[in-house]
Amino acid sequence: MAAREAGGAVLGRSAEKLFSLSGLFAVYKPKGPTSAGVLNLLKERLLAEAGVQTNENKRNKVLKIGHGGTLDSAAAGVLVVGIGKGTKMLRTMLAGSKYTAIGLLGKATDTLDATGKVTEEKPYDQITKGDLENVLQKFIGDIMQVPPLYSALKKDGERLSTLMKRGEAVEAKPARPVRVYNLSLQQFQPPLFTLDVECGGGFYVRSLVSDIGKELSTCATMQELTRTKQGPFTLEEHALHEDKWTIDEIARSLEHCTSLLPAEPSHKKLKTEHPGETAVSCEDK
């Protein structure tokens with residue numbers, strides 16, 4: 001007997017296969033679009049391939065799909081996606097992420113990255129590679145971090161970044177505990193420096209770069225950010241580029257990625273939520 005969708009229409013083979021998909025896989029998010037925008041495009045492509053007609057408002061109800069941690073629009077990298085029952089696994093199986101970040105010494109911006117307005121400039125010529133490597137040691141382990149004002153943290157149900165863009169006064173959120181597993185300097189070509197960062201949930205690499213600048217008695221802002229790993233999913237091995245966003249490719253990826261996941265869901269949360277605000281797992285604003 002042919003399967004039917006919610007509206008009662010008979011589904012074709014492609015649609016049946018699409019709606020039977022369940023689990024976690026990863027896609028590549030380029031610079032530019034938001035993570036939500038990437039997810040919407042993915043849904044649109046899959047539903048179109050399956051021949052399922054739906055408007056934008058009903059797309060979420062027709063195909064159950066979500067991602068495991070927002071990447072800022074200016075960032076690129078691996079974005080883990082849950083489909084079907086996999087959406088319930090996103091918060092329990094993705095603890096820890098890895099990033100490659102490029103920082104710029106001598107300039108600070110209001111967003112703590114290259115998209116913002118320059119708010120301060122300081123000399124940096126005195127800083128050596130050894131100075132930077134020594135300072136990095138202070139940011140490894142369990143540390144306290146103040147989230148950026150331009151972020152997805154919420155106040156009274158609205159993102160702080162939205163309030164900031166409207167010109168409303170926003171108070172900085174209090175420092176909160178975050179964890180850095182590994183932090184190393186990969187390249188130092190003043191004023192630029194490149195970091196490899198492995199961290200837990202709720203961590204902002206933008207804040208890290210800014211804090212490093214302050215520790216060096218100058219200022220710094222993040223120029224580029226790439227998420228190279230999220231949970232067990234790596235950018236090189238698992239992230240599907242846009243030309244691979246097909247039902248068959250995702251089915252193969254789901255089968256391949258099953259071996260990456262533990263048999264029993266971990267109870268360790270990806271993030272810590274406080275009353276009245278939402279913490280994201282990575283860069284987001």
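I looked up S4 (97-105) and S12 (220-230): they run antiparallel and are joined by nine bridges. I count strands as DSSP runs of E, at least two residues, and helices as runs of H or I, at least four residues, both numbered from the N terminus. Two strands pair if DSSP finds at least two bridges between them. Ile-102 stands opposite Glu-224 in S12.

The model is predicted: local features need pLDDT of at least 70, side-chain atom pairs count only at pLDDT 80 or more, and totals for chains, interfaces and linings use all residues. Residues are numbered from 1 along each chain as its sequence is written, and side-chain values use heavy atoms, with hydrogens and water left out.

I then checked S3 (residues 76-83), which pairs with S12 in the parallel sense over two bridges. Gly-77 has Arg-227 in S12 as its bridge partner.

I followed S12 onward to S13 (residues 233-234), an antiparallel partner over two bridges. Lys-229 is bridged to Thr-234 in S13. The two strands form a hairpin with two residues between them, and Gly-231 in the turn has a positive phi of about 60°.

Last, I looked up the largest nonpolar core, which has 29 residues. Such a core is a set of buried Ala, Val, Leu, Ile, Met, Phe, Trp, Tyr and Cys residues joined through side-chain atoms within 4.5 Å; buried means under 20% relative accessible area (1.4 Å probe, protein chains only). Phe-193, Leu-195, Phe-203 and Ile-212 touch the most other members. S4 and S12 are among the elements giving two or more residues to this core, and S10 gives the most, with five.

Methods
Buried means under 20% relative accessible area, exposed over 50%, partly exposed in between (1.4 Å probe, protein chains only).
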